[in-house]
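Open the model in your viewer and keep the selection tool at hand. We will go stop by stop.

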Amino acid sequence: MSSLEESIEHQRQTSTTLLQISALEFELTGSQFKEKLKDPDAWDRLARKQQLLLYLVLKGYGMEECAEYFGVSKGHIYNKRWEFRRLFDLDEAADFTTLLK
């Protein structure tokens, strides 16, 4: 394996590890997270995996990282993000962080 390939693989592993830590953090504090949202009632309408995905999106993880973590396509994550926008009445140009208080 070349040095470049090793570097890319190391970055991918680091990103995956950080995402796993964020998922664990969600499991420990997820119930408190909804209070940080402008519309905490919408949070309760999400399934647990959807809550985790929204949490990861708000932590700054991209579609590719989330797709790999959940074992789904990037298109699936794109569709879920669109559902979040609809549920939270978020304009398609708006950043997801506007969901936070």
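What share of the contacts in the chain with a separation of 6 or more comes from residues 24 or more positions apart? The share is 59%, where contact means heavy atoms within 4.5 Å.

Before selecting, some ground rules. This is a predicted model, in which local features need pLDDT of at least 70 and side-chain atom pairs count only at pLDDT 80 or more, while totals for chains, interfaces and linings use all residues. Residues are numbered from 1 along each chain as its sequence is written, and side-chain values use heavy atoms, with hydrogens and water left out.

**Whole chain.** Colour by secondary structure. You will find 5 helices and 0 strands. Helices (H or I, at least four residues) and strands (E, at least two) are DSSP runs, numbered from the N terminus. Now show the surface. The accessible area is about 6,700 Å², and 52% of it belongs to carbon and sulfur atoms; the method is Shrake-Rupley with a 1.4 Å probe. Of the 101 residues, 31% are buried, meaning under 20% relative accessible area (1.4 Å probe, protein chains only).

**Helix 3.** Select residues 48-58. Here 9 of the 11 residues are buried, so helix 3 is largely enclosed by the rest of the structure. Among them are Gln50, Gln51 and Tyr55.

**Phe96.** Zoom in on phenylalanine 96. Leaving aside residues up to four places away in sequence, Phe96 touches Leu54, Val57, Leu58, Arg81, Phe84, Arg85 and Leu90.

**Helix 4 and helix 5.** Select residues 63-70 and 74-87. The two helices pack at about 110°, with axes 8 Å apart. Axes are lines fitted to C-alpha atoms over the stretch in contact, and angles run from 0 to 180 degrees between N-to-C directions. Helix 4 and helix 5 are therefore roughly perpendicular (65 to 115 degrees). Show side chains: Met63, Glu64, Cys66, Ala67 and Phe70 in helix 4 meet Lys74, Ile77, Tyr78 and Arg81 in helix 5. Arg81 also touches Phe96.

Note on methods
Buried < 20%, exposed > 50% of the residue type's maximum accessible area, 1.4 Å probe, protein only. Parallel < 35°, antiparallel > 145°, perpendicular 65-115°, else oblique.
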